[in-house]
Each structure stands twice: as structure tokens, then as C-alpha cells.
Amino acid sequence: MTLPVIDFSGFRGDGGDADRTIATRLRRACVAHGFFLLSGHGVDEPLRDAAFNAAKAFFDAPIEDKAAIAIETSPYHRGWYGEGGEILDARTQPQGDVKEGVKIGRDLPLSHPNVAAGMALHGPNQWPDAAAHPDFKPAMQACYAACEQVSRRLMQAFALSLELPPTHFDKWLSLPMATLSPLRYPPRRHNDGLGAGAHTDFGCLTLLMQHDEAGLEIAMPDGSWQSVPADRSLIVVNIGDMMARWTNDLYRSTRHRVVNHAGKTRHSLAFFFDPDADADLSPLPGCLADGQTPAYPPANALQHLLSKIEDSFTYRQEGG
């Protein structure tokens with residue numbers, strides 16, 4: 001399998017012919033395997049390099065630096081977690097993933113109404129000490145903003161791909177629950193577990209920026225695994241369980257994993273874009289045939305994400 005490369009530079013969001021051509025290609029990719037490669041995305045290379053460099057410096061820091069922003073100390077699911085902190089395939093890898101990462105969400109002050117009301121997954125980030133890591137916060141904030149911008153445009157393309165107006169999702173994107181996750185995978189040792197166990201992504205759509213080391217593998221219908229080459233210029237895009245739920249499984253949320261065969265440390269940046277907390281995940285118009293029963297029970301976006309997070313992070317299972 002070769003993933004399609006979709007040039008996004010010509011997308012305008014006006015629903016014109018160029019937009020519809022891109023949307024048609026997106027639909028084919030999502031029906032077939034839920035993954036595609038994005039060029040012309042506008043997330044500039046210097047910006048991505050700055051984020052990669054800041055992430056590497058942080059992950060290389062002493063454990064005390066990283067533990068100072070440990071995710072289990074955040075009421076908002078923000079901060080650093082070490083190897084085994086996330087378990088994406090509990091059945092075959094109960095000891096957890098062989099990776100470490102940082103969860104960086106929308107940085108909301110304590111005075112924000114959603115935070116003051118105690119809404120889950122809404123609140124301030126935990127940032128490393130600015131004196132020790134002066135580049136981390138500005139680099140991650142710039143990367144977050146650029147990824148959010150392209151994600152909003154992608155949601156317009158997704159709407160068009162489903163024969164809906166390009167603005168269809170706008171009502172659920174006033175305060176999207178987006179998360180940027182720098183990730184580090186150590187070189188795989190003999191009998192190590194996987195960098196990321198086989199899983200489907202939780203949310204709406206994922207943008208993955210790779211550096212020089214491959215490792216992402218996608219499950220094929222015959223049970224084999226297809227490797228996705230690393231290409232700095234392209235963003236890997238895949239849909240998650242939320243988009244599959246919205247489309248009543250018309251679009252596929254496909255299992256994938258990370259196996260670091262490179263013999264050296266692998267870095268990546270994953271951006272998970274999800275709608276507002278109260279977004280209704282009932283099947284979208286045109287995704288449910290007459291008389292067809294929805295494949296999923298009613299839920300909103302926050303309920304969906306919380307159920308997935310509770311199942312996959314060890315500190316949540318331990319009462320965090």
C-alpha cells in the first residue's frame with residue numbers, strides 16, 4: 001500500500017472546484033484506510049524544527065526536570081509521562097508503551113468559565129522551568145497554533161467530503177480540545193515492547209510530524225503491517241474513533257503502532273484535534289441510511305475522550 005499524498009496548498013474553504021477535488025481525494029483515503037499524507041500544509045519547516053529541538057532538549061534533561069511537570073500532578077491531563085505511562089494495547093502489552101511524551105493542551109487560565117466549572121481536560125498547561133528550557137514553551141505554542149490552523153481547514157475539507165457545507169463543523173469548533181504531544185521512542189532492544197502498542201486514535205483527526213526515523217506501521221486487512229516512511233516535508237494525517245463514530249464507520253479509524261527499528265532514538269510530534277466538549281457525536285447527515293441503526297450510543301466529545309483516556313493512562317487507572 002502507498003498512502004495517497006494530498007496537496008492542500010490549493011484549498012480555499014469556499015467549496016469551489018479546487019476544494020471539492022481535494023475533498024474527493026480525502027474521502028477515498030478515509031473510506032479505504034483512514035490515513036493519507038498531506039503536502040502544502042503550511043506548517044513551516046523552521047517551526048517544526050524548533051519544536052523538535054525543544055522536545056529533544058527536554059527529553060534529554062535529568063529526570064528531576066521532567067518529573068517536575070509529571071502528568072499525574074495535573075488535574076487537567078497535562079504534562080510529562082515516562083515509559084509505561086500510557087498503555088495503548090493492554091491485551092498484548094500490559095506493561096505499557098516504550099516511549100515518553102508530554103501532553104500540551106489549550107492553555108486556559110483558572111479564571112476561564114470551563115476551568116472554574118471543573119470541566120475535565122480544560123485548564124492550564126504544565127511547562128518546564130523557563131530558565132532551564134527557554135525555548136520549549138514558545139516553540140510548542142507556535143507549533144500548536146500552526147497545527148490548529150491547518151486542522152480547522154481540514155475539518156472544512158472533511159465536511160465537503162461528506163457532501164456537507166464547508167462550515168458544517170464550525171459550530172463545534174469554538175474551543176476545540178486539541179493536544180500537542182512531543183514523543184520520544186528509545187532504540188528498540190531485544191524483547192522490548194513496542195514504542196506504541198497497536199491501537200486506534202481516540203479523537204477526531206491526528207497530524208503526525210516525523211523527523212528522520214520511521215517507525216509508524218498501519219494494520220492491513222490481511223493482518224500484515226505496512227511501514228510509513230519518514231518524510232519531514234509531509235504530515236501524516238489519520239482519523240480517529242470520533243470521526244469514525246460521526247460517520248457511522250463510513251470513514252475508517254485504522255489500527256496502527258510504532259516499532260522503532262532505527263537503532264537510535266526516534267522523535268515525533270503528534271497533534272490530536274478534537275471538537276468542543278459538548279459536540280454531539282450522533283451520525284452526521286448522510287451517514288445513516290434509512291432504517292439503519294447507529295453503530296454507537298449517544299455521546300458528546302468530552303464523554304468519548306474521557307472514556308478512552310481512563311482506559312489508557314496508568315495514573316488514571318490508579319485513581320489520578
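## Two packed helices

Helix 2 (residues 45-59) packs against helix 5 (residues 136-161) at an angle of about 135 degrees, and their axes lie 9 Å apart. The axes are lines fitted to C-alpha atoms over the stretch in contact, with angles from 0 to 180 degrees between N-to-C directions. Helix 2 passes helix 5 in a left-handed crossing (the near helix is turned anticlockwise from the far one by less than a right angle).

Which residues meet? Helix 2 brings Leu47, Ala50, Ala51, Ala54, Ala55 and Phe58, and they meet Phe136, Ala139, Met140, Ala142, Cys143 and Ala146 in helix 5. Contact means heavy atoms within 4.5 Å.

## About the model

This is a predicted model, where local features need pLDDT of at least 70, side-chain atom pairs need 80 or more, and totals use all residues. Residues are numbered from 1 along each chain, and side-chain values use heavy atoms, without hydrogens and water.

## A covered strand

Is strand 2 (residues 35-39) buried or exposed? Five of its five residues are buried (under 20% relative accessible area, 1.4 Å probe, protein chains only). Phe35, Leu37 and Ser39 are on one side, with Phe36 and Leu38 on the other.

## Its partners

Strand 1 (residues 5-7) pairs with strand 2 in the parallel sense over three bridges (pairing takes at least two DSSP bridges). Val5 has Leu37 as its bridge partner. From strand 1 the chain crosses through helix 1 (residues 17-32) to strand 2, in a right-handed β-α-β crossover (clockwise, with the strands pointing away from the viewer).

Strand 10 (residues 235-239) runs antiparallel to strand 2, joined by four bridges. There, Val236 is the bridge partner of Leu37.

Definitions and conventions. Buried < 20%, exposed > 50% of the residue type's maximum accessible area, 1.4 Å probe, protein only.
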